Amino acid sequence: MSSGQEQISISGRIIDSSNGTSLTGASILDVGSGKGTTSDDSGRYRLLINGDSEHRIIISYLGFEQIDTIIQTRQSSVIDFYLHPVSIEYEEVRVTAEARSDYVSSVQMSEIRLKQEEISGLPAILGESDPIRFLQLTPGVQSSTEGGIGFFVRGGGVDQNLVLFDNAVIYNPGHLLGFVSVFNPDIITGVSLIKSGIPARYGGRLSSVVRINSELGRSDSLRVKGQIGLISSRISLNRSFNRDKGSFVVSARRASVDLFVKPIITPLVKNSSPYFHESTYNFYDFNAGISHRIGDKDYLNVSAYYGKDKYGMTRSSVRGESKMNWGNAIVSGRWTHVFSDYLSLGTSISYSHYDFGLTGNQSDYAFGLVSSIRDYTIKSKVNYFSENHKLTGGLDLTRHTFVPNDIDVDAGGLALNFLDFNELYAYEGGVFLEDEFRLSDQFSLAAGIRYSFFSQVGPYKEYIYDESSLITDSIMYPRGESLAFYHHLEPRLSARYQVNEISSIKASYMHMAQYVHLATSATVSLPMDTWIPSTRNIKPEYGDQWTLGYFRNLFGKQYETSLEGYYKSSRNQLEFIRGVINNSLNMSLEDNLAVGNSRSYGAEFFLRKKTGVLTGWIGYTISRTEKEFERINEGKVYPAKFDRRHDISIAGIYKVNKLWSFSSVFIYVSGNAFTLPVGRYIIQGNLVNEYGGVNNFRMPAYHRLDLSATRTRVTPRGNISSWNFSIYNVYNRANPFFIFFETSGDLEKYSLDIQPKMVSLFPIIPSLSWRFEF
């Protein structure tokens with residue numbers, strides 16, 4: 001093909017024929033030239049082809065019948081494609097027509113997309129198929145702890161990931177202390193992760209963007225599906241209405257731990273700690289969504305989520321009780337208007353709220369702690385397509401309300417009011433412009449610029465302290481007055497050079513700013529972790545990342561392969577030295593902060609098979625993450641806690657026939673870095689530890705194997721009954737969770753025996769679940 005041939009374009013929308021909603025991420029492929037693209041958030045696509053011949057075009061989307069058609073045209077044309085949902089019969093996964101050319105030919109790099117069918121096919125922990133957990137199986141992504149939902153991307157912290165559910169921010173995506181995510185797998189269409197080359201439309205985080213969209217219904221009759229499992233049980237209903245112009249979905253999920261697991265385990269551990277017998281735990285969540293097409297040019301989507309975790313523990317022997325609850329609530333709406341085949345406008349409004357509460361009492365003593373963050377956000381963007389350009393521009397604005405910690409104590413009827421951080425208010429926003437354009441058949445660029453800003457505003461009371469840390473005065477700032485203002489330019493650039501039809505070289509650079517921070521009181525992500533804003537004394541974090549990669553399709557595009565190298569640096573990172581509760585009691589947040597820099601660099605290899613009876617992937621990451629803080633480790637560089645040198649993950653799904661499928665996951669990760677004493681001394685009858693460098697030791701490596709078998713029966717009417725049997729940690733590996741020291745002997749006789757003890761979390765765990773759909 002010569003570059004002198006006349007180029008024309010075909011454009012339009014990819015639409016779900018059952019309800020008229022747009023399909024995001026559908027693949028459009030010109031088989032002859034190998035050129036391809038994917039539909040955007042509004043379901044729109046644009047593909048450049050030669051205008052002097054006929055073209056075989058293939059449109060595909062997992063869970064829908066593909067379209068394989070011939071197009072003959074000598075001028076640019078607008079063509080909408082309607083895809084029909086298919087009944088899942090669990091046959092061989094044939095997506096060869098999808099051809100995934102966009103993996104090689106798209107400018108975007110470092111992006112992982114997992115469809116709902118892939119997520120549900122892999123082994124689950126206690127029967128739960130979780131989208132976030134399976135992102136942790138991809139290169140460059142590491143779990144914060146075994147079984148936990150918190151994750152680190154290329155050395156970044158858990159607070160550096162922007163998690164969006166239907167365009168609304170989720171601040172804590174975990175149930176069950178982080179072991180189960182808040183996303184109901186039955187109502188999501190899939191999950192995507194961008195690690196580098198993040199488009200300018202996204203801001204506020206340094207490491208990654210995770211997008212999860214809910215399914216808003218696509219059935220012309222009422223459809224019910226759900227699951228009964230050991231950890232949780234769920235049910236969802238969806239259907240279309242108004243002559244298929246709209247659709248809705250509602251779902252509910254509840255923890256099954258107290259219903260199934262505890263009644264079985266309690267008789268077996270009747271002699272164990274009374275804390276187990278006198279504790280209760282439950283979580284639940286609800287989802288609802290509606291999608292409606294208003295005329296031919298307007299589309300409206302509204303979704304809502306509410307979830308809550310409740311944990312309680314009583315000790316009748318000491319008249320003690322403690323309760324902990326936390327949860328998310330979001331509402332989001334999106335309106336899309338199509339002005340023409342080249343121009344569209346999308347506007348979204350969202351509300352997001354996360355809160356945590358802890359109460360306790362024993363005899364005449366009682367205390368309570370509350371923290372929360374609440375957002376109101378509006379975002380509007382314009383999409384414009386031309387022959388060689390794909391322009392997106394817009395703006396977003398968020399009003400934050402923070403309650404870092406509010407502590408109340410009652411001791412024998414005496415109320416103790418600590419000086420806590422009352423509500424803090426701030427505005428965060430940005431204006432962005434990005435353009436993806438083709439310079440030639442081989443070379444394409446995606447450039448973007450984002451101007452971000454952040455302002456902490458009143459009302460706010462500032463306390464004045466003397467040299468003895470006693471309050472001498474206070475200053476009250478009125479509503480709306482700016483206490484601190486920051487603004488920043490954030491350039492983004494990605495490039496792709498198409499070597500041939502099956503391989504390409506990509507590079508990207510991005511500069512990001514982050515204005516909100518997570519104050520954590522532990523080395524794992526927990527519900528009591530507190531979000532705080534940038535202030536006059538707490539500066540924003542800034543980060544840069546450079547990435548270079550080679551991408552190639554193999555064996556008729558059945559395999560996707562990539563090799564990426566990256567270097568990432570961050571400034572003004574925060575470490576909370578003494579914990580968030582201590583911060584409130586001592587009335588000085590800044591005194592407990594250490595500010596420093598970090599850097600991460602490494603290489604990632606990814607091999608993925610998407611066709612045939614055997615599908616899955618192999619991922620390998622070699623990386624290093626280091627930190628440098630003036631107030632930590634005497635200012636010397638030290639490894640981050642989650643600096644894990646090697647990370648290997650292998651996932652596979654094998655479909656034997658229509659009834660049976662098997663899957664497996666194997667993980668190997670180098671051990672965490674942690675700090676141990678290098679010597680111990682007895683001084684004046686006291687045991688004194690001597691420490692060397694921070695994180696100067698390594699835990700043993702983490703590895704495990706999970707297996708799963710699924711038997712699925714589909715009736716002639718399309719009803720589905722599926723039984724899943726999974727085994728977590730098949731060879732019962734005692735993986736390290738943390739290490740402590742057990743001391744025995746007589747201190748006065750200078751005869752001590754100190755032995756390290758390793759605590760493990762999960763042994764071998766079998767699970768059984770039943771999934772249904774009718």
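Colleague: Why is proline 677 called buried?

Modeller: In this predicted model, proline 677 is found in strand β44, which covers residues 677-683. Its relative accessible area is 14%, and since buried means under 20%, proline 677 counts as buried. In space, the C-alpha atom of proline 677 lies 9.3 Å from that of asparagine 696, a residue 19 positions apart from it in sequence.

Colleague: What makes the pair of tyrosine 284 and tyrosine 306 tilted, rather than stacked or edge-to-face?

Modeller: A search of the whole structure finds 20 aromatic pairs. For tyrosine 284 and tyrosine 306 the ring centres are 6.5 Å apart and the planes meet at 40°; planes under 30 degrees apart would count as stacked and those over 60 as edge-to-face, so this pair is tilted. Tyrosine 284 belongs to strand β21 (residues 279-294) and tyrosine 306 to strand β22 (residues 298-315), so the pair ties together parts that are 22 residues apart in sequence. Tyrosine 306 has a relative accessibility of 37% and therefore counts as partly exposed.

Colleague: How do you know that tyrosine 451 and phenylalanine 453 form an aromatic pair?

Modeller: Their rings lie 6.3 Å apart, centre to centre, and rings pair if their centres lie within 6.5 Å. With 35° between the planes, this pair is tilted. Tyrosine 451, at 32% relative accessible area, is partly exposed, and phenylalanine 453, at 21%, is partly exposed too, because that label covers values between the 20% limit for buried and the 50% limit for exposed. Elsewhere, Tyr509, Trp546, Tyr567 and Tyr601 form one aromatic cluster.

Colleague: What makes you say that the charged end of lysine 506 sits over the ring of phenylalanine 551?

Modeller: The charged end of lysine 506 is 4.4 Å from the centre of that ring, and the distance must be within 6 Å, with the charge also within 35 degrees of the ring normal. Lysine 641 likewise lies over the face of phenylalanine 642, at 5.7 Å from the ring centre.

Colleague: Is lysine 506 buried or exposed, and how do you know?

Modeller: Lysine 506, which is found in strand β33 (residues 503-514), has a relative accessible area of 1%; the limit for buried is under 20%, so lysine 506 is buried. Its side chain reaches the backbone oxygen of glutamine 108 at 3.0 Å, and a polar atom of that side chain lies 2.9 Å from the backbone oxygen of serine 106.

Colleague: What makes the link between arginine 211 and glutamate 111 a polar contact?

Modeller: The two side chains are joined at 3.1 Å, and a polar contact requires a pair of N or O atoms within 3.5 Å. Arginine 211 is found in strand β17 (residues 208-214), and with a relative accessible area of 17% arginine 211 is buried. Valine 210 has its place in strand β17 as well, and at 0% valine 210 is buried. The C-alpha atoms of valine 210 and leucine 193 are separated by 4.6 Å, although these residues are 17 apart along the chain.

Colleague: What is noted about the backbone at aspartate 166, asparagine 729 and proline 459?

Modeller: Most residues other than glycine have a negative phi, and most peptide bonds are trans. Aspartate 166, however, has a positive phi near 55°, and asparagine 729 has a positive phi of about 60°. Aspartate 166 is found in the loop between β12 and β13 and is buried at 11%, while asparagine 729 is found in the loop between β48 and β49 and is buried at 0%. Glycine 458 and proline 459 are joined by a cis peptide bond, with omega about 10°, and proline 459 has its place in the loop between β29 and β30.

Notes: Residues are numbered from 1 along each chain as its sequence is written. This is a predicted model: local features need pLDDT of at least 70, side-chain atom pairs count only at pLDDT 80 or more; totals for chains, interfaces and linings use all residues. Side-chain values use heavy atoms; hydrogens and water are left out. Rings of Phe, Tyr and Trp (its six-membered ring) pair if their centres lie within 6.5 Å; planes under 30 degrees apart count as stacked, over 60 as edge-to-face and the rest as tilted. Helices (H or I, at least four residues) and strands (E, at least two) are DSSP runs, numbered from the N terminus. Buried means under 20% relative accessible area, exposed over 50%, partly exposed in between (1.4 Å probe, protein chains only). A polar contact is a pair of N or O atoms within 3.5 Å; within protein, one must be able to donate a hydrogen and the other to accept it, and residues adjacent in sequence count only if both atoms are side-chain atoms.
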